[in-house]
Amino acid sequence: MSEFLVNLLGERLVNSEKAEVDVQSLGAKLSLVGLFFGCSLNAPCKQFNASLCDFYSKFKKTSEHKDKLEIVFISSDQDQKHWQDFLQEMQWPALPFKDRHKKMKLWNKYKVTSIPSLVFVDATTGKVVCRNGLLVVRDDPKGLEFPWGPKPFAEVVAGPLLRNNRQTTDSSSLEGHYVGVYFSAHWCPPCRSLTRVLVESYRTVKESGQKFEIVFVSADRSEESFKQYFSEMPWLAVPYSDEARRSRLNRLYGIQGIPTLILLDTEGHMITRQGRVEVLNDLECRLFPWHPRPVLELSESNAVQLHEGPCLVLFVDAEEEGELEPAKELIQPIAEKLMAKYKAKEEETPLLFFVAGEDDMSDSLRDYTNLPEAAPLLTILDMSARAKYVRDVEEITPAVVEQFVSDFLAEKLKPEPI
């Protein structure tokens, strides 16, 4: 058993009988851990838990890999009695109720934005094997596809794709193209808003001579709705009737909400999950194919990323366009260094970087998080943990920022409540 799992989960878990479970004793053969994020008071969590119990029971009885999988419950319950009652329904261990710090670390590490969520991770490295375990439980009830690891995009998308003139083309036509995989639905107002912008962006990029294609993966509730929505789109789509392929694509990219636009390079490797933000922030498509930028200027369209994990935000006195550049240049080398370090480990960076000037967006964020009016002001905001870290100094230098980031990642900073 890897020491990594002890570092990830702690030395002790608890089971439904209130007995301690030694993490080291989970088994030498264990290769995959399913982290089940949920809450006893959430109806979809209760419903999914019943499905997961059935799946787990069958897997442990019939699969040749039964010793290679364990599930651990990561609760967001605030009431210990409710948590304990919910645990009674489970056949697997859980993080101790009082270990809220470790729970929040896991929520942030695996970018969990909604519940229920089931993330399968490698037991020896902690790397994500499958981000959308809910679809595994639904689509592979016998566990025949264990360990549910990611497959190449070309393999998952393989098959005919539709055009809105009812003609079809094979997915092999995507080879050599940048590809946007667009998860969306007509019933979703933000989706329809994004689609209108995306149509213009698509045409702009195509007219510039770039090899670019978009594949629509529908979450519509009927084929009629799909056809109506797709008629507005000039790109390709997975047939609505091919529910299995649509589900596999959702599973491949761990889709937790829509609209989501995944950008892939010409080899099918992911460029960014934040295609929605990139398109809305770059209407003229000057930055296509939208590789992640180390530092973002805080705006209404990218503020959603503040809720996806801890974010460093440097607030400065800047009202005019271009005045944020010195602040960006100050923190960019530190952000680039951190991105490169985690990219080498094939992990997502644990901290996003923003600069914010003086505008309504910044004022709202300061008010919401109860930050001092000082500028410049160096902060790290962790919205999901409702925690903030503030470094209020007269001069913010690269050394100050680097030490602040280092101390945060080493858990040496004391959080203040938001």
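Predicted model: local features only at pLDDT ≥ 70, side-chain atom pairs only at ≥ 80, totals over all residues.
A cavity here is a set of grid points where a 1.4 Å probe fits but cannot get out, and its lining residues have an atom within 4 Å of a point.

**View 1. The largest cavity and the residues around it.** Trp107, Asn108, Lys111, Val112, Thr113, His307, Glu308, Gly309 and Ser384 form the lining of the largest cavity. The space inside comes to about 30 Å³, and the count of cavities of 30 Å³ or more is 1. Sorted by class, the lining of this cavity holds 5 polar, 2 charged and 2 nonpolar residues. Two domains take part here: domain 1 (2–139) and domain 3 (296–417) each contribute at least three residues to the lining of the largest cavity.

View 2. If you follow the secondary structure around the second largest pocket, you will find at least two lining residues from each of β5, α5, β9 (178–184), β10 (212–218) and α9 (243–253). The lining divides into 13 nonpolar, 10 polar and 6 charged residues. Domain 1 (2–139) and domain 2 (153–281) each give at least three residues to the lining of this pocket.

**View 3. The largest nonpolar core, including Trp92.** In soluble globular proteins, nonpolar side chains tend to be buried together. The largest nonpolar core of this model has 27 residues, and the members that touch the most others are Phe36, Leu52, Phe73, Trp92, Phe120 and Trp148. At least two core residues come from each of β3 (32–38), α2 (43–62), β4 (69–75), α3 (80–87), β5 (117–122), β6 (128–130) and α5 (133–139). Helix α2 is the top contributor to this core, with 6 residues. Now take a look at Trp92: beyond its neighbours within four places in sequence, this residue is in contact with Phe36, Asn49, Leu52, Cys53, Tyr56, Glu70, Ile71, Val72, Phe73 and Leu87.

**View 4. Lys328 in helix α11.** The helix that carries Lys328 spans residues 325–344. Is this lysine, Lys328, buried or exposed? Lys328 has a relative accessible area of 16%, and buried means under 20%, so Lys328 counts as buried. Apart from neighbours within four places in sequence, the residues in contact with Lys328 are Val295, Glu297 and Val355.

Methods:
Residues numbered from 1 in each chain as written. Heavy atoms only, no water. 1 Å grid on protein atoms, 1.4 Å probe; cavity = no way out; pocket = protein on both sides within 12 Å on 5 of 7 lines; lining within 4 Å. Points joined across faces, edges and corners; volume = space filled by probe spheres on them. Nonpolar A, V, L, I, M, F, W, Y, C, P; charged D, E, K, R; others polar. Domains from an automatic or database assignment. Core = buried A, V, L, I, M, F, W, Y, C linked by side-chain atoms within 4.5 Å. Buried < 20%, exposed > 50% of the residue type's maximum accessible area, 1.4 Å probe, protein only. Helix = DSSP H or I, 4+ residues; strand = E, 2+ residues; numbered from the N terminus. Contact = heavy atoms within 4.5 Å.
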